[in-house]
Amino acid sequence: MSMAAPLLRLSNVSKSYVGVNALNDISLEVDAGKVLCLLGDNGAGKSTLIKILSGFHEPSSGTIEINGSPVRLSTPRDASAHGIATVHQVGGTFPLMSVGRSFFVGAEPTKRFGPLRRFDKKFANEVAVREMRSLGITRVTDGSRLVGGLSGGERQALAIARAVYFGASVLILDEPTAALGVKEATHVLRIIMQARQKGIAVIFVTHNVLHAMSVGDHFAVLIRGEKADDFRKGERTREQVTDLMAGGEAMAHLEAELADLHAAAEETTQ
Amino acid sequence: MTVHTVPAEAATSRAPSTGPSIRDLTRRPETGALIGTLGVYAFFAIFGGDKFLSAAGSASWLNVAAELGIIAVPVGLLMIAGELDLSVGSVLAASSMTLAIVSGYWGGPMILGIVLALAVGVLTGLVNGLVVTRSNVPSFVVTLATLSALAGLTLGMSRVITGTTSVGLRPDPASKAIFGTLIGGQFEVAIFWWIGVAACVAWMLQESRYGNWIFAVGGDKESARATGIPTDKVKIALYIGSGFGAALVGVIQTILYNGAQVANGQSFVFNSIIAVVIGGVLLTGGYGSVVGVLLGTLTFAIVNQGIYYTGWNSDWAALILGILLLVAVLMNNTFRKFALSSGTRKPSSGARTSRKA
């Protein structure tokens, strides 16, 4: 727990796939109990960065440090051993499994049963319900219910509760609000704040500037694999960020094109 | 704070109105299969009469169910994990021929023949599993290739070695008693093998952690892998299981009928899938139960044999099975929807699992 080193630090990380540069020289830091928002349009390199952090790919160059010491994340198992948990858009959960079963996938609690070990489903169900409740989900009271019957926000909560329960210190949320309605998204944002309060470093990956601005402490904008901007809460306005993400020039071009189309449409109606 | 208050009311008003037993039943994958089994049993009890209900009648469909079931249970497990195994037909033939050639044609010890026959199943399962997990070729194609290749290999080898396609075997009394007796003159000892296999597999699927891994692998392989489950090893083990099941039936048939033929077993390829799907296992994986597969197997066997007791032409059995398969799948889809919605007030969005299915 040295004060100097951030919980997670990426230094000059690059990744190329057969000659194509997916990520170029990315440096980032996240502290415990803070939310880093990773903003970027589709194809900006957000998914590549997530894959590197969650151990699916190794970077071509650059280093990853946890609490100041360099780590190698060659497999998803390495990532989770270092306390990095990733929750994907659909919640990374299994629609046709029960809440309790899916909460403990890969880490099933067992009880002695003669010479065998038995999966303790009662315990699994109870813990899953209790942990979701601690994130403010009170509507799920029965852990034997199927995950597919939960709402999108509840599924996110289940996945986040799972990561928190298994001791994640870095929580990567991949577009958690993208598939949700306004109300559900608000709920997920509230859960992000709860995770932050528990001292977890949250990396919130999104292309929704409004959602990012409402919970983020620190922001990084990716454009075509490069870090285009890096700023703290209050240092930029929403318009500035949106403009940057859309790429100012491209946006101006689009506006001109739309104006032409409008003019053409008016001509034909007259 | 409406999010919190509304469901609390819904929960309290909901609980006493419907009994938990009915709710639990509709949430289980085998509910549709149970209705199917009871339905066809009642149907043939009415149209097949006393002969169908007699001990001999029961033995005829139980024997079919037992042999099919020993294969359908591991095939169902594999399907829950999201993969198919079509090679079981050829595994059965290859293991039968192996036993008949080793212990019959060459006159080797029975135990050696049995071990080698079972090894053929394990080895084929291992090959299937390795190819499916190492390549990105769908398991349908991989196991279709094994089905064909192994059928060819069996035919070729048996002609080269014995010069014929059917080999006799004189099993010793102990092997006969363990694998190929008819209890009371009509019930195959395979029925006990079937019950044993099903009980072990059911415990493993429902009560052990490995069962949870199988559901997870079939539900979403990438997420399962991300949680640290050795997904490839799970699949390879399940392929070895289905290969072993098919080889065991090969051993049972060879000892029961005192010989083997190269063409044995091909009917098991699709019959096992029919039984599994009627039993409520989702073809794309992630959902199903051993009890469901047992019921699906019974349903198949009852239709398959019951037709003989009705006095109708047996040509119609396949038609009934086809219709039954379609009805069963539709019914299972309905029950799966019940399972997904049970315990919730109206789902808040329509996009729950349709994407996954």
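V127(B) is found in helix α6 of chain B, which spans residues 110–134; helices (H or I, at least four residues) and strands (E, at least two) are DSSP runs numbered from the N terminus. The model is predicted: local features need a pLDDT of at least 70 and side-chain atom pairs count only at pLDDT 80 or more, whereas totals for chains, interfaces and linings use all residues. Residues are numbered from 1 along each chain as its sequence is written, and chains are lettered from A and ligands numbered from 1 in the order in which they are written.

V127(B) counts as buried because it has 20 C-beta neighbours inside 10 Å. By the criterion applied, a residue is buried if 20 or more other C-beta atoms lie within 10 Å of its own, exposed if 12 or fewer, and partly exposed in between, with C-beta atoms placed from the backbone. The C-alpha atoms of V127(B) and T146(B) are separated by 8.7 Å, the two residues being 19 residues apart along the chain.

The pLDDT, which is the predictor's confidence in each residue from 0 to 100, averages 88 in chain B, and 89% of the residues score at least 70. Over residues 1–19 of chain B the pLDDT stays under 50, and the model has 9 contacts beyond four places in sequence for this stretch. The pLDDT is also below 50 over residues 344–357 of chain B, a stretch with 19 contacts in the model beyond near neighbours in sequence. Two residues are in contact if their C-beta atoms, placed from the backbone, lie within 7 Å. For the complex, the predictor gives an ipTM of 0.79 and a pTM of 0.83.

Chain A contains 9 helices and 12 strands. Of its 270 residues, 48% count as buried. Among contacts in chain A between residues at least 6 apart in sequence, 67% join residues at least 24 apart.

Helix α4 of chain A (residues 121–134) has 14 residues and reaches 20 Å from its first C-alpha to its last, close to the 20 Å expected at 1.5 Å a residue; the expected span is 1.5 Å times one less than the number of residues. The buried residues of α4(A) are K121(A), A124(A), N125(A), A128(A), V129(A) and M132(A). Seen down the helix axis, these buried residues fall within an arc of 125°, so they line one face of α4(A); the arc is that of the directions from the helix axis to the C-beta atoms. The exposed residues K122(A) and R130(A) are carried on the face turned away from the buried side of α4(A). The cover over the buried residues of α4(A) includes α3 (99–103), β8 (116–119) and α5 (152–165) of chain A.
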